[in-house]
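This briefing covers selected strands, residue contacts and ring pairs in one structure. Please read it alongside the sequence and the coordinates.

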Amino acid sequence: EAVANQNSAVKFIAANKGHNAETIDDMIREVAEAFAGKINEAIEVTLAEPGFYGVKCNPHFAMGMVMVMVIAVGDAEAAPESFLEGRLSKKAKDKFEDALSGL
């Protein structure tokens with residue numbers, strides 16, 4: 001579960017055991033700071049750079065149980081074409097496409 005406030009801070013709350021939240025390589029801008037929370041622990045991050053952030057639960061992502069989210073920061077209206085070009089399984093890509101269509 002993620003909670004955002006007006007300061008571009010996002011707090012990921014450990015609502016279920018066995019999860020974390022972390023950025024996906026190549027799914028944040030080069031100038032943005034990556035983050036990785038610990039399993040079963042809340043993490044609060046400040047997303048200072050505008051753009052799109054791809055976030056995953058690492059243990060489940062690695063097992064093919066795709067749990068992903070897209071966070072849009074700032075006035076960006078659409079994710080860059082390169083956003084989905086990284087190494088993603090078809091299942092992950094489909095879930096990200098669904099998430100992007102809802103923005």
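Leaving aside neighbours within four places in sequence, Gly54 is in contact (heavy atoms within 4.5 Å) with Glu22, Thr23, Ile24, Met27, Ile28, Met69, Phe83 and Phe96. The model is predicted, so local features need pLDDT of at least 70 and side-chain atom pairs count only at pLDDT 80 or more, while totals for chains, interfaces and linings use all residues. Residues are numbered from 1 along each chain as its sequence is written, and side-chain values use heavy atoms, with hydrogens and water left out.

**Gly54**
- Gly54 belongs to strand β5, residues 51-56; helices (H or I, at least four residues) and strands (E, at least two) are DSSP runs, numbered from the N terminus.
- Gly54 counts as buried because its relative accessibility is 0%; buried means under 20% relative accessible area, exposed over 50%, and partly exposed in between (1.4 Å probe, protein chains only).
- From C-alpha to C-alpha, Gly54 and Ile71 are 6.7 Å apart in space, with a separation of 17 residues in sequence.

**Aromatic pairs**
- Three aromatic pairs are found in a search of the whole structure; rings of Phe, Tyr and Trp (its six-membered ring) pair if their centres lie within 6.5 Å, and planes under 30 degrees apart count as stacked, over 60 as edge-to-face and the rest as tilted.
- The pair of Phe83 and Phe96 is edge-to-face, because the ring planes stand at 90°, with the centres 6.2 Å apart.
- Phe83 is in the loop between β6 (68-73) and α2 (90-101), and Phe96 is in helix α2, so this pair ties together parts 13 residues apart in sequence.
- Phe83 counts as buried at 5% relative accessibility, and Phe96 counts as buried at 0%.
- Phe52, Phe83 and Phe96 are linked by ring pairs into a cluster.

**Strands β2 and β4**
- Strands β2 (residues 9-12) and β4 run antiparallel and are joined by four bridges; two strands pair if DSSP finds at least two bridges between them.
- Ala9 has Thr46 in β4 as its bridge partner.

**His60**
- His60 lies in helix α1, residues 58-62, and counts as buried at 13% relative accessibility.
- Not counting residues up to four places away in sequence, His60 touches Gly18, His19, Met65, Val66 and Met67.
- The His60 side chain makes a polar contact of 3.4 Å with the side chain of His19; a polar contact is a pair of N or O atoms within 3.5 Å, where within protein one must be able to donate a hydrogen and the other to accept it, and residues adjacent in sequence count only if both atoms are side-chain atoms.
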